[in-house]
Amino acid sequence: MIAKIVNCDFYRIKKSKLFYGAIILSGFIALSLMLLERQDIRLGISIFGNLTTFISSEDVINLGVTYHKGLGIIIAIVISAFIGQEYQWNTWQHKWLISKTRVGMYLSKALLSAALSTVIFLLFELTALLFSGQFAYLLENGYAQKLICGAFIYAALGYVLCMISVLIKNSTASIVVSLGYVLCGEMIMSVMQNIAEVFPAAKQIINAWSNHTIYGMSVIVCSSPISTNIIISILVASICISFLAILIGVWRFRKYEL
């Protein structure tokens, strides 16, 4: 029965113009930035006053990992709009009649959200790598490990955005909250760092927590040489975040009146 729900959700996403628009946009952005970089044309993108300048192929690839600077926005809109349609069209009841299990209904959405998030990330990165003119060089110098870590980070992001979108019954509101989650990660982290400076006793705990958030992991991947310890830490943290998001989502979703 659960398989029927999964097939139904994947069929819907395959028919979604928004999904294909997100795929095309992500690939186009990666291609455009890489071609401009190869022409020695320098660009800068400012998100809430934080300027990101593209001066090399590595900068374009790192842009994909830092989800809050572009890709996360696209993913948040796609996932929130897709799940929000269930409330808008009142189709939850149909899936309930098929499966009689809310856990299966939620897990289908969660798996699809994680898959969407990861696919869009990998499409962006692979497009950037293919058109960088340095494909082999970049993969041999740690960028294959970045892709692995980034895929797990984006999968965790998908699970969290699914939880937000399912628990907020209004499509527009879920898009707004999801975008807030994506865009405000840096601001929240900055506030936590300021708190750590004021309360030194809590500094170690706050630093340990911040390094294992989705935002914190994306910063580590972009700013530090990728080691085996970092890869393992990111994989474990991503799995824990995903599992927690599923538990909270299922727990709340089972209490909803559909």
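In this predicted model, the largest nonpolar core has 67 residues, and among these Tyr106, Ile214 and Phe253 touch the most other members. Several helices contribute to this core, with at least two residues each coming from helix 1 (2–14), helix 2 (17–38), helix 3 (57–65), helix 4 (71–88), helix 6 (102–130), helix 7 (135–167), helix 11 (214–223) and helix 12 (228–253). The most is given by helix 7, which supplies 17 residues.

Phe253, for its part, is found in helix 12, and it counts as buried because its relative accessible area is 0%, where the cut-off is under 20%. Although Phe253 and Met105 are 148 residues apart in sequence, their C-alpha atoms are 9.4 Å apart in space.

The charged side chains come next. Across the whole structure, a search finds 3 salt bridges. In one of them the side chains of Asp9 and Lys109 meet at 2.9 Å, N to O; since Asp9 belongs to helix 1 and Lys109 to helix 6, this pair ties together parts that lie 100 residues apart in sequence. Both Asp9 and Lys109 are buried, and for Lys109 the relative accessible area is 1%.

A salt bridge also joins the side chains of Glu86 and Arg12, at 2.8 Å from N to O. Here Glu86 lies in helix 4 and Arg12 in helix 1, so the pair ties together parts that are 74 residues apart in sequence. Glu86 counts as buried because its relative accessibility is 0%, and Arg12, at 17% relative accessibility, counts as buried too.

Lys109 forms a salt bridge with Glu86 as well, with the closest N and O atoms 2.7 Å apart. That pair links distant parts of the chain, with Lys109 in helix 6 and Glu86 in helix 4, 23 residues apart. Taken together, Asp9, Arg12, Glu86 and Lys109 are linked in a network of salt bridges.

Terms used: Residues numbered from 1 in each chain as written. Predicted model: local features only at pLDDT ≥ 70, side-chain atom pairs only at ≥ 80, totals over all residues. Heavy atoms only, no water. Core = buried A, V, L, I, M, F, W, Y, C linked by side-chain atoms within 4.5 Å. Buried < 20%, exposed > 50% of the residue type's maximum accessible area, 1.4 Å probe, protein only. Helix = DSSP H or I, 4+ residues; strand = E, 2+ residues; numbered from the N terminus. Salt bridge = Lys/Arg side-chain N within 4 Å of Asp/Glu carboxyl O.
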